[in-house]
Amino acid sequence: MTSKQRAYLRSLAVNQDTILYVGKSGLGAQVFKEAGDALKKRELIKGRVLPETCPSTPREAAETIAAATGSEVVQVLGSTFVLNKPDPKHPRIKRPKCGRGFRGGPSTPYIGDTCIFSGSL
C-alpha cells in the first residue's frame with residue numbers, strides 16, 4: 001500500500017464509527033471472527049483498544065488482528081486503529097492507483113481511471 005493510498009483510506013476512516021472494541025478478554029477467536037465479518041461487509045473498519053483493561057498495546061492488537069484476518073493496518077493513532085481488506089472480486093472502496101505526480105503538474109495524473117504516468121522522476 002502506498003502512502004497516498006494510506007492517506008486516502010485514513011480520510012475515509014475519519015467519518016466512520018468505531019465498531020470493534022478489544023477489552024479485558026484480549027485478542028481471542030471472537031474478536032478475530034467479528035473483525036473478519038466486518039471487513040467482509042465494509043472493507044474498512046475502525047477499532048479501539050481499551051487501554052485500561054486490555055493487556056496488549058494498540059499496535060500489537062492491530063497487527064495481530066490484521067494477520068489473523070488477512071487485512072492491512074492503515075493507521076494506529078492513540079488507542080484507535082484502522083484496518084482495510086479489499087474484496088478481491090467486487091471492491092467497494094476504490095484506492096488511488098498512482099501515487100506519483102509530475103513536478104509542477106497535477107498531483108494525480110489520471111485520464112479517467114487510467115494512470116498516465118509510467119516513468120520515473
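Modeller: Start with pairing: two strands pair if DSSP finds at least two bridges between them. Keep in mind that this is a predicted model.

Biologist: How do you know that β2 and β4 pair?

Modeller: Strand β2, residues 44-49, and β4 share five bridges. The cut-off is at least two, so they count as a pair. The sense is antiparallel. R48 stands opposite T80 in β4.

Biologist: What makes β3 and β4 a pair, and what lies between them?

Modeller: Five bridges again, in the antiparallel sense, with β3 covering residues 72-77. L77 stands opposite T80 in β4. The two strands form a hairpin with two residues between them. In the turn, G78 has a positive phi of about 65°.

Biologist: What makes β1 and β2 a pair?

Modeller: Three bridges join them, and they run parallel. At least two are needed, so β1 and β2 pair. V22 stands opposite V49 in β2.

Biologist: What is the strand order, and what kind of pairing does the sheet have?

Modeller: The order is β1-β2-β4-β3, in an open sheet of four strands with mixed pairing. β1 (20-22) and β3 each have a single partner strand, so one side of each is left without a neighbour in the sheet. Neighbouring strands are turned by 25° against each other on average, direction ignored.

Biologist: Why is β4 called mostly covered?

Modeller: β4 spans residues 80-84, and four of its five residues are buried. Buried means under 20% relative accessible area.

Biologist: Which strands does helix α1 lie across?

Modeller: Helix α1, residues 3-13, lies across β2, β3 and β4. It runs at about 60° to β3. Helix α3, residues 58-69, packs on the sheet too, touching β1, β2, β3 and β4. The direction of α3 makes about 165° with that of β3.

Biologist: Why are α2 and α3 called roughly perpendicular?

Modeller: The axes of α2 (residues 29-42) and α3 cross at roughly 65°. Angles of 65 to 115 degrees count as roughly perpendicular, and the label therefore applies to α2 and α3. Their axes come within 10 Å, and the crossing is right-handed.

Biologist: Which residues meet where α2 and α3 touch?

Modeller: V31, F32, A35, G36 and L39 in α2 meet T64, I65, A68 and T69 in α3. These residues divide into six nonpolar, three polar and no charged. Gly counts as polar here.

How values were computed. Residues are numbered from 1 along each chain as its sequence is written. This is a predicted model: local features need pLDDT of at least 70, side-chain atom pairs count only at pLDDT 80 or more; totals for chains, interfaces and linings use all residues. Side-chain values use heavy atoms; hydrogens and water are left out. Buried means under 20% relative accessible area, exposed over 50%, partly exposed in between (1.4 Å probe, protein chains only). Axes are lines fitted to C-alpha atoms, for helices over the stretch in contact, and angles run from 0 to 180 degrees between N-to-C directions. Contact means heavy atoms within 4.5 Å. Angles under 35 degrees count as roughly parallel, over 145 as roughly antiparallel, 65 to 115 as roughly perpendicular and the rest as oblique. A crossing is left-handed if the near helix is turned anticlockwise from the far one by less than a right angle, and right-handed if clockwise.
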